[in-house]
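Subject: Structure for your review

Dear colleague,

Please find the structure below, with its sequence. My notes on it follow.

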Amino acid sequence: MTSFLRISDLHVSVGETPILRGVNMEIRQGEVHALMGPNGSGKSTLAYALAGHPNYTVTEGSIEIDGVNVTEMEADARARLGMFLAFQYPVVIPGVKVADFLRHAVSNIRNPDRREGEGLIGMREFRKEIRDRMTELGMDLEFARRYLNDGFSGGEKKRMEILQLAMLQPRFAILDETDSGLDSDAVRVVSEGLARLSGPQMGVLIITHHERLLEFNTPQFVHVMLGGRIVETGSSTLAHELHANGYADIRARHPAAAAQNSTAEAAPV
Amino acid sequence: MSTDAPSKSDVEIGDYKYGFHDSTDFYAFKSRKGLDAEIVSQISGMKNEPPWMREFRLKSLEIFESRPMPNWGGDMSDLKFDNIYYYMKAASEQGKSWDDVPEDIRRTYDRLGIPEAEKKYLAGVKAQYESEVVYGSLREDLARQGVIFTDTDSALQQHPELFREYFGTVIPPGDNKFAALNSAVWSGGSFIYVPKGVKIDFPLQAYFRINSQNMGQFERTLIIVDEGASVHYVEGCTAPTYSSDSLHSAVVEIIVKRGARCRYTTIQNWSSNVYNLVTKRAMAYGDSLMEWIDGNLGSRLTMKYPAIWLMEPGARGETLSIAFAGRGQHQDAGAKMVHCAPNTSSRIISKSISRSGGRSSYRGLVKVQKDAINCRSNVVCDALILDPASRSDTYPYIEVEEQNVAIEHEASVSKIAEEQLFYLMSRGLSEAEASAMIVTGFVEPLVRELPMEYAVELNRLIELQMEGSVG
């Protein structure tokens, strides 16, 4: 059975401020969706709300995975159901080695009923797996010994997110501006990595400003967000058009949404 | 490994209850309660000590009685000196029954995966750890190099001149009230002498020496590292150490001679009835290096400030300290560095964690004496407070009597950042697991200096402590 992620009439606020004003979307395993839109349209808010960030309140609507309502679930429960968010700004966890962190994460995702202190994936098995994934992604194996995101360059942080994607093999991967802040070499590596990882088992939502990530990952669906709503959905030609002309036409076609678009989107507190 | 859900009592170190019944069979000798000159003389007599040591003890008792209690640090109002047995000698192997050990402690040992023999040793069920087979050959090797490693009582008998030359020179009985107490009633502890140029490449551990009861109340340790030699000594253990004695007051004296190196690692996790008051000090001579690695996890109150006196140019001192205070616990810990000579350097890294209403404090001193020019000292003290009920304090003292020096002090206080928790949870870690991971990361700079088994145990212990700590 193909799994699906259904977002229905989603309204999300940060504190008192409404950001998402009724988002509808359905993503199936195996599909690649792109989400574009100007700054302040609510793209990152959608990403955080899907992942279950505590500061984002769903005021109306729902998020479902295979019909199971996950709207009230904590982030870890959603992860165990197959949700994954590649952060735009990955968080630094000092003193925690990448390998140790990943070993715990993988153990939880593969065995969702796992309880603390038990059932960690075996060291040898894990080491082989992480080594294979890192080699495929062209990453220096030394990385696994570094402290998670601590002192990483922008490119290294994004590659770390892709490594997590590779190890955790989620059913639904949301990539939040994964191509921002990278030079073109790094974007290519990330794009190719993603292309290799996605497939019939993974539904992907690529949130992006630019087109670069879409080069190797052609979306079947391109959504444009404006003022907290999806105002248009098209194919990859829509993405080309936006890349060429910017958002002026979109704003002209949807003046109400354009009016509600804030220039500074609320960042997670 | 236990498969039932860990109840809170498994892991709340603050909730240990102790229920050993006092079996008269266990002790060959037990002094009457309380402390006076008669008891002190009795102790010395039973140990067959030379007259000078008896005099030393009696003089120390006078000092102890004349000094007031410290008016800083922790709350010791419940400590009744008259209510304590100051000397006990275990009869033999036959000791307390394993069945008497509290259930939650036995289960914690299970969770930590501690081997059978070691469990019994830790719980005081066996007076000696059965180390003969494993460690016998190590001890022969040491003896061949001229290393002396024995308990302090035996050292006094077997190496009287060496002993007398150094004993009490680093911490005289008049130093503080509890040093005086220890000087009066000390028993057990380690004595180590490393000859010139000898570098011991594996850590010496307290349970190598099987010829006396370990983890006594009033241990006295003396370590002499001769010129160019090096040694790493490890005492204590991460597993909850159950003690029916409520007062532990140890003294550790270390002399590190020119060009020598000494590292002293302690991980202590006393049960929550214990007052753990320790005086530890090292003298570091020219171009030597002294390192204290100090982990304090349990006890009701710990007061411990490992000190290094940098006596000659080129001496370096470093102290890494972790304090973890849970419910009903107060860790008042820190370090002291005294620069007595030019071109000396010191570093203090202190990491303290408090949760469930525990209190952990950093109390430290950096002192630079006059004419000790060109010294450098760096202090980093970081505190992590895990919930609103808990508390952390910092009492840094800096006394500099010389201008030409570089002293740095950085302090931070934090709680677990929401963004860090969310990031880890979004990868499938539960809130408790994520918190434990962040705390483990917080203490990593210290943990990576520990011998492997200790590092593994310490991390697991922190994980256990964090389970059920998130409401």
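**Helix packing in chain A**

Helix α3 of chain A passes α5 of chain A in a right-handed crossing, a crossing being right-handed if the near helix is turned clockwise from the far one by less than a right angle, and left-handed if anticlockwise. The model is predicted: local features need pLDDT of at least 70, side-chain atom pairs count only at pLDDT 80 or more, and totals for chains, interfaces and linings use all residues. Residues are numbered from 1 along each chain as its sequence is written, while chains are lettered from A and ligands numbered from 1 in the order in which they are written. Helices (H or I, at least four residues) and strands (E, at least two) are DSSP runs, numbered from the N terminus.

The two helices, α3(A) (residues 98-110) and α5(A) (residues 154-168), pack at an angle of about 35°, with 10 Å between their axes. Axes here are lines fitted to C-alpha atoms, for helices over the stretch in contact, and angles run from 0 to 180 degrees between N-to-C directions. From α3(A), the residues A:Val98, A:Leu102, A:Ala105, A:Val106 and A:Ile109 meet A:Met160, A:Gln164, A:Met167 and A:Leu168 of α5(A); a contact requires C-beta atoms, placed from the backbone, to lie within 7 Å. The residues of this contact divide into eight nonpolar, one polar and no charged. Ala, Val, Leu, Ile, Met, Phe, Trp, Tyr, Cys and Pro count as nonpolar, Asp, Glu, Lys and Arg as charged, and the others, Gly among them, as polar.

Elsewhere in chain A, helix α4 (residues 123-136) has 14 residues and reaches 20 Å from its first C-alpha to its last, close to the expected 20 Å, where the expected span is 1.5 Å times one less than the number of residues. Just after α4(A), A:Gly138 adopts a positive phi of about 65°.

**Contact between the chains**

The contact takes 25 residues from chain A and 24 residues from chain B. On the side of chain B that touches chain A, α10 (418-425) and α11 (431-447) of chain B each supply at least two residues. The largest share, nine residues, comes from α11(B). That side of chain B divides into 10 nonpolar, six polar and eight charged residues.

**Strands of chain B**

Strand β12(B) (residues 289-296) is largely enclosed by the rest of the structure, because seven of its eight residues are buried. A residue is buried if 20 or more other C-beta atoms, placed from the backbone, lie within 10 Å of its own, exposed if 12 or fewer, and partly exposed in between. Eight bridges join β10(B) (residues 261-268) to β12(B), and these strands run parallel; strands pair if DSSP finds at least two bridges between them. B:Cys262 has B:Met290 in β12(B) as its bridge partner. Eight bridges also join β12(B) to β15(B) (residues 316-325), again in parallel, with B:Arg316 in β15(B) as the bridge partner of B:Leu289.

B:Asp332, in strand β16(B) (residues 330-339), counts as buried because it has 25 C-beta neighbours inside 10 Å.

**Positive phi in chain B**

B:Asn48 has a positive phi of about 60° although it is not a glycine. B:Asn48 is exposed, with 10 other C-beta atoms within 10 Å.

With kind regards

Methods: Contact = placed C-beta atoms within 7 Å.
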